[in-house]
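Q: I want to learn how to read the features of a fold from its atoms. Where do we start?

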Amino acid sequence: MLTPTQPFPDLTLPTLGGDDFDVARDMGENGTVVVFYRGAHCPICKAQLKEIEGLLDEAAAQKVNVVAVSGDTKSRADATVEETGVQNLTIAHDLSMTEARDWGLHISKARDGSDEPELFSEPGIFYLLPDGTIYASWVQSFPFARPSFEDVLAAVKFRADKGYPARGSYTGPLAEHDGTLKVEATDGPHAEAY
């Protein structure tokens, strides 16, 4: 599992614009939002891409770059762009399933009789900071109930305006006592639980 405040994995992929997207190099002043989408077979993804396209000016005002990434081939990604009319959003393609797993994305197999690729990643959104760390993530195991991109940008703005720290970064020891979960120092009164 990728944890906020920890370094994000390398990611360099071709884009439909003809250049490569490199997550470490192509960082906005206030970071980058990477949106992993399922692919051309997913109507919810197409709606999501259109929503993001409509909010790119807001993202630019907040000085964050946005990229949408899938495991689709170039031809499938081209078909998605043609169908959705998305013109300004950077679309990266050919994400390997090993890279998807490195990012902590859930991976699904094609349903019998569907036009899904044999394997594809489920949705995920990562807000990455210019210092090379993860600030926040939204990772899902199925296509429904994604956060709105407006809400994601509100989180970006709140961080910038308030200096709000990354949350969910604690990876230290935990101990259970009396059926409740307590965080204890390893040299504290319940050190024997470690």
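A: Start with burial: a residue is buried under 20% relative accessible area, exposed over 50%, and partly exposed in between (1.4 Å probe, protein chains only). Strands are DSSP runs of E with at least two residues, helices are runs of H or I with at least four, and both are numbered from the N terminus. This is a predicted model, where local features need pLDDT of at least 70, side-chain atom pairs count only at pLDDT 80 or more, and totals for chains, interfaces and linings use all residues. Residues are numbered from 1 along each chain as its sequence is written, and side-chain values use heavy atoms, with hydrogens and water left out.

Q: How many residues of β8 are buried?
A: Five of its five residues are buried, so β8 is mostly covered. G124, F126 and L128 point one way from the strand. I125 and Y127 point the other way. Both groups are buried.

Q: How do I read strand pairing, and in what order do the strands of the open sheet lie?
A: Two strands pair if DSSP finds at least two bridges between them. Here five strands form an open sheet in the order β5-β4-β3-β8-β9, with mixed pairing. Neighbouring strands are turned by 20° against each other on average, direction ignored. For such angles, axes are lines fitted to C-alpha atoms (for helices over the stretch in contact), and angles run from 0 to 180 degrees between N-to-C directions.

Q: Do β3 and β4 run parallel or antiparallel?
A: Parallel: five bridges join β3 (residues 32-36) to β4 (residues 65-69). V34 of the pair stands opposite V67 in β4.

Q: In which sense does β3 pair with β8?
A: In the antiparallel sense, over five bridges. T32 stands opposite L128 in β8.

Q: What joins β8 to β9?
A: Five bridges join β8 (residues 124-128) to β9, and these strands run antiparallel. G124 has V139 in β9 as its bridge partner. I125 stands opposite W138 in β9. The hairpin of β8 and β9 has five residues between the strands, and G132 there takes a positive phi near 90°.

Q: What should I know about salt bridges, and how many does the structure hold?
A: Side chains of opposite charge can pair when their charged atoms come close. The cut-off is a side-chain nitrogen of Lys or Arg within 4 Å of a carboxyl oxygen of Asp or Glu. The structure holds eight salt bridges.

Q: Which residue forms a salt bridge with K63?
A: E29 does, with the closest N and O atoms 3.8 Å apart. The pair links distant parts of the chain, 34 residues apart. K63 is in the loop between α2 (56-61) and β4, and E29 is in the loop between β2 (20-22) and β3. K63 counts as partly exposed because its relative accessibility is 42%. E29 is at 60%, so it counts as exposed.

Q: Why are K157 and D161 separated by about one helical turn?
A: Because they are four residues apart in helix α5. K157 counts as partly exposed at 40% relative accessibility, whereas D161 is exposed at 52%.
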